[in-house]
Amino acid sequence: MDAIIVNDLRKYFRKIRAVDGISFTVKEGEIFGLIGPNGAGKTTTLRIIATLLKPTSGEVKVFGHDVVDEAKIVRKLISYLPEEAGAYPQLKGIEYLRFMANFVASSEDEVEEMVEFGSEISGLGDRLNDKVKTYSKGMKRRLLVARTLMVNPKVAIMDEPTSGLDILHSFHIRNMLKDFAKKYKTTIIVSSHNMLEIEYICDRVAIIHKGKIVAEGAPSDLKRELEASNLEEVFMRKVMAYE
Ligand code: ATP
């Protein structure tokens with residue numbers, strides 16, 4: 001089944017064509033990567049799928065539901081991690097998870113289940129009892145990724161989940177996403193500047209440049225097609241061809 005369908009999507013901010021007619025489909029249980037240079041239109045696309053931004057034209061459906069006309073239904077299916085999300089510094093990690101779970105859970109038991117699940121996903125152990133303001137950047141991001149996944153969404157939308165993190169924290173988050181998608185058949189759409197990461201976790205990718213898709217497919221197929229040794233090479237060649 002198709003989890004996300006994006007059809008001829010456009011988003012213009014006055015004269016800026018942030019997204020300029022892109023189409024792609026993400027199947028249920030797939031991890032789909034959006035890669036592209038700064039300003040390519042990745043965040044704009046993710047924010048439209050997350051119902052936070054209205055398209056100028058075109059159509060986006062999440063499990064058959066339109067992100068504009070049926071935004072309320074779509075919000076129940078998705079969980080979104082923004083690129084620059086923050087957690088409340090004065091709360092302990094565990095309190096933050098509980099605070100966020102309260103928005104979505106329908107009973108106290110469900111809140112506790114989510115918090116337990118989130119704690120496990122975060123891998124932060126005893127540090128969850130410390131205030132968020134004492135966390136490193138990597139620990140904060142792990143907490144936020146756990147918050148995004150603990151609600152067990154049908155679709156997780158992750159904008160640069162490992163941005164600015166060291167190898168160890170990135171490694172943890174990458175594996176967390178991969179294991180999670182496999183275990184719960186969660187559909188994940190993720191943006192990143194890290195080509196190795198995208199190659200490692202994604203089933204398929206779309207390379208976006210200046211609001212348009214310039215290549216799409218499984219990393220292995222794209223590499224074979226271009227006789228490239230890694231995704232970075234594919235990326236460079238595709239993007240340079242459109243300069
Ligand atoms: P990055 O990798 O740097 O995060 P991106 O691919 O996520 O980039 P977007 O944030 O989607 O890119 O931005 C695409 C274009 O749209 C950019 O030119 C940006 O300046 C513009 N843009 C994004 N949001 C707005 C806004 N609210 N108002 C005006 N222009 C915007």
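What is the volume of the largest pocket? It comes to about 530 Å³. Keep in mind that this is a predicted model.

## The largest pocket

The lining of this pocket is made of 19 residues, and those closest to its centre are R75, I78, S79, V104 and V151. If you want to find the pocket in the viewer, those five residues take you to its middle.

Which elements each supply at least two residues of that lining? They are α2 (71–77), β6 (78–81), α3 (93–104) and α5 (137–149). Sorted by class, the lining has 11 nonpolar residues, along with 4 polar and 4 charged ones.

## The second largest pocket

Next comes the second largest pocket, with about 180 Å³ of space. Its lining consists of F117, E120, I121, H172, N175, M176, D179, F180, K183 and Y184.

Two helices, α4 (108–122) and α6 (167–184), each put at least two residues into this lining. Which helix gives the most? That's α6, with 7 residues.

## α5 against α6

Helix α6 also packs on α5: the angle between the two is about 10 degrees, and their axes are 10 Å apart. Angles under 35 degrees count as roughly parallel, so α5 and α6 are roughly parallel to each other.

Which residues of the two helices meet? On the α5 side you have G138, M139, R141, R142, V145 and L149, and on the α6 side H169, H172, I173, M176, L177 and F180. The residues of this contact comprise 7 nonpolar, 3 polar and 2 charged. H172, M176 and F180 turn up in this contact, and H172, M176 and F180 are also among the residues lining the second largest pocket.

## α3 against α5

α5 has another partner in α3, where the packing angle is about 25 degrees and the axes are again 10 Å apart. That makes α3 roughly parallel to α5 as well, because the cut-off for that label is an angle under 35 degrees. The crossing of α3 past α5 is right-handed.

Here G93, Y96, L97 and M100 from α3 meet L143, L144 and R147 from α5. By class, the contact of α3 with α5 has 5 nonpolar residues, 1 polar and 1 charged. Both α3 and α5 also show up in the largest pocket, each supplying at least two residues of its lining.

## α8 against α9

The last pair to look at is helix α8 (residues 219–226) with helix α9 (residues 231–241). Are they parallel or oblique to each other? Their axes come within 9 Å and cross at roughly 60 degrees, so α8 and α9 are oblique to each other. The crossing of this pair is left-handed.

From α8, the contact uses P219, L222, K223, E225 and L226, while α9 brings L231, V234, R237 and K238. What's the class make-up of the contact of α8 with α9? There are 5 nonpolar residues and 4 charged ones, with no polar residues.

How values were computed
Residues are numbered from 1 along each chain as its sequence is written. This is a predicted model: local features need pLDDT of at least 70, side-chain atom pairs count only at pLDDT 80 or more; totals for chains, interfaces and linings use all residues. Side-chain values use heavy atoms; hydrogens and water are left out. On a 1 Å grid over the protein atoms alone, a cavity is a set of points where a 1.4 Å probe fits but cannot get out, and a pocket is an open set with protein on both sides within 12 Å along at least five of seven lines; lining residues have an atom within 4 Å of a point. Grid points are joined across faces, edges and corners, and a volume is the space filled by probe spheres set on the points. Helices (H or I, at least four residues) and strands (E, at least two) are DSSP runs, numbered from the N terminus. Ala, Val, Leu, Ile, Met, Phe, Trp, Tyr, Cys and Pro count as nonpolar, Asp, Glu, Lys and Arg as charged, and the others, Gly among them, as polar. Axes are lines fitted to C-alpha atoms, for helices over the stretch in contact, and angles run from 0 to 180 degrees between N-to-C directions. Angles under 35 degrees count as roughly parallel, over 145 as roughly antiparallel, 65 to 115 as roughly perpendicular and the rest as oblique. Contact means heavy atoms within 4.5 Å. A crossing is left-handed if the near helix is turned anticlockwise from the far one by less than a right angle, and right-handed if clockwise.
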